Amino acid sequence: MAEDAQEALDLLLNRLRNTDALDIVEDIETVIARGVTEEDIESKSRSKEYLQRALDPSEAYLLAVELLVANIEPILMKSQALKNLNQAGCDSTSIAWQVDFVDGSPIAPQRHAIDIPTLEGEALDVMTKHLSSVVELLGER
Amino acid sequence: MAKIKELSDAVDKIFSGIGATGTLHLNSATRERAFEAYVFSLLVKAVIQATGSVIVKGIKTGANPDPIIFRGAPGFMSSKNQDFSYAECSLNGEVFEVHVGVQYVGTSRALHEVDVSIYSHTGAEQVRIGGGLPGTRKLYAAIECKCYDSALGVSLGRTFVGLVSDMGGLKIKAFVTNGRGTGLADYFSKSDRPHPIFSLSPLRPKVADRFVSHVEQKLRRWCGVS
């Protein structure tokens with residue numbers, strides 16, 4: 001269990017690497033590296049001036065967790081959508097996305113196939129509960 | 001601010017469930033599509049709650065398509081290139097359809113992509129038979145969906161207001177997002193602007209219930225349900 005923010009961040013990134021979510025790791029590291037822009041309140045200039053500063057470990061960890069949630073949330077959206085439609089009487093077992101064609105050519109480039117996992121039953125309830133706990137702890141930011 | 005240890009423990013529990021999800025990384029277009037599907041399902045829920053009936057149909061296979069196929073990019077209501085799905089709904093004698101990612105011709109003749117829309121069933125049948133693009137005369141609802149992981153800007157609101165102004169007389173117009181944006185909330189506070197719903201997500205069931213109730217009330221009023 002991580003006791004401080006840097007340790008928690010390192011643990012989170014390692015766990016993401018172990019699940020092969022390297023794109024998320026890159027996103028997190030990029031956003032953290034950019035730091036944050038704040039107004040320079042000590043500036044004597046009439047117009048607003050801004051400074052860029054690095055994130056402290058707590059800020060970096062909270063940001064990383066927010067990005068983790070943002071990446072998992074769509075799985076819950078798709079899964080809940082299917083659940084809602086089943087409850088409305090639709091017997092379908094899955095949701096998929098496909099691109100339309102005009103004269104044999106796709107109407108939009110498909111650089112990445114839209115492939116979102118689906119959670120059902122207890123797995124959906126459990127993941128929703130865990131993510132909701134995290135969102136509650138993150139609070140309104 | 002949450003203690004780091006409490007948050008870290010909560011994150012641990014997420015990872016214990018991640019094995020069931022398979023791949024974790026989703027690009028932004030995928031997130032938008034997932035959000036639209038979720039909003040579509042909430043509209044279906046609102047129709048049921050208003051005492052209506054719903055049948056999900058594929059344009060090629062009919063009732064209960066499996067899988068339910070949504071458009072990966074905005075397209076044509078009449079297209080049978082894929083088995084695109086929609087919800088055929090009936091409420092107090094009014095028959096209409098809920099669609100995702102369909103293009104409409106606005107009153108200015110400009111082409112608009114509406115994330116989630118409600119259209120007349122009769123009108124949709126005519127479009128499916130005759131081809132062409134649906135106009136806005138029989139368009140009853142336009143819902144703009146934005147799935148974000150950062151703060152939202154007012155420009156998004158202005159773009160949707162512009163779209164809605166070209167859509168004729170809508171019964172339901174809403175801007176929904178899983179994000180937050182104080183500036184956007186202020187922008188939509190004027191009475192003639194689309195209804196905004198922020199923080200819409202399966203992680204916030206009370207917000208989802210509020211959105212469903214909002215749509216339900218609009219449907220009841222439009223279809224004359226007491």
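Predicted model: local features only at pLDDT ≥ 70, side-chain atom pairs only at ≥ 80, totals over all residues.
Residues are numbered from 1 along each chain as its sequence is written, chains are lettered from A and ligands numbered from 1 in the order in which they are written, and side-chain values use heavy atoms, with hydrogens and water left out.

**Where chain A meets chain B**

- The contact (heavy atoms within 4.5 Å) draws on 69 residues from chain A and 65 residues from chain B.
- Together the two chains bury about 6000 Å², and 68% of that sits on carbon and sulfur atoms. Buried area here is the accessible area (1.4 Å probe) that two parts lose on being put together, summed over both.
- On the chain A side, Met77(A), Gln98(A) and Leu137(A) lose the most area to chain B, together 11% of what that side buries.
- There are 17 residue pairs in polar contact between chain A and chain B, both residues at pLDDT 80 or more. A polar contact is a pair of N or O atoms within 3.5 Å; within protein, one must be able to donate a hydrogen and the other to accept it, and residues adjacent in sequence count only if both atoms are side-chain atoms.
- Several elements of chain A each supply at least two residues to the side that touches chain B, including helix H1 (5-18), helix H2 (22-34) and helix H4 (121-138). Helices (H or I, at least four residues) and strands (E, at least two) are DSSP runs, numbered from the N terminus.
- H3(A) gives the largest share of that side, 20 residues.
- By type, the chain A residues touching chain B split into 44 nonpolar, 14 polar and eleven charged. For that tally, Ala, Val, Leu, Ile, Met, Phe, Trp, Tyr, Cys and Pro count as nonpolar, Asp, Glu, Lys and Arg as charged, and the others, Gly among them, as polar.
- Pairing needs at least two DSSP bridges between two strands. In this pairing, Ala96(A) stands opposite Ile69(B).

**Inside chain B**

- Chain B has six helices and nine strands, and 60% of its 226 residues are buried. Buried means under 20% relative accessible area, exposed over 50%, and partly exposed in between (1.4 Å probe, protein chains only).
- Eight strands make an open, mixed sheet in the order E2-E1-E4-E5-E6-E7-E8-E9.
- Strand E2 (62-63) and strand E9 (195-197) sit at the edges with a single partner strand each, so one side of each is left without a neighbour in the sheet.
- Strand E1 (residues 53-58) runs antiparallel to E2(B), with two bridges between them; Gly58(B) faces Gly62(B) there.
- Strand E7 (residues 139-146) is mostly covered, with eight of its eight residues buried. E7(B) pairs with strand E6 (residues 111-120) in the antiparallel sense over four bridges, and with strand E8 (residues 172-177) in the parallel sense over six bridges.
- Gln103(B) lies in strand E5 (residues 94-105) and counts as buried at 9% relative accessibility. Leaving aside neighbours within four places in sequence, its contacts include Phe76(B), His112(B) and Leu133(B).

**Salt bridges**

- The whole structure holds eleven salt bridges over all chains. The cut-off is a side-chain nitrogen of Lys or Arg within 4 Å of a carboxyl oxygen of Asp or Glu.
- Between chain A and chain B the count is one: Arg15(A) with Asp12(B), the closest N and O atoms being 2.4 Å apart. Arg15(A) is partly exposed at 26% relative accessibility, while Asp12(B) is buried at 16%.
- Arg17(A) bridges to Glu29(A), with the closest N and O atoms 2.9 Å apart. Arg17(A) is in helix H1 and Glu29(A) in helix H2, so the pair ties together parts twelve residues apart in sequence.
- Lys83(A) and Asp125(A) form another, at 3.8 Å between the closest N and O atoms. This pair links helix H3 to helix H4 of chain A, 42 residues apart.
- In chain B, Glu97(B), Glu125(B) and Arg128(B) are linked in a network of salt bridges.
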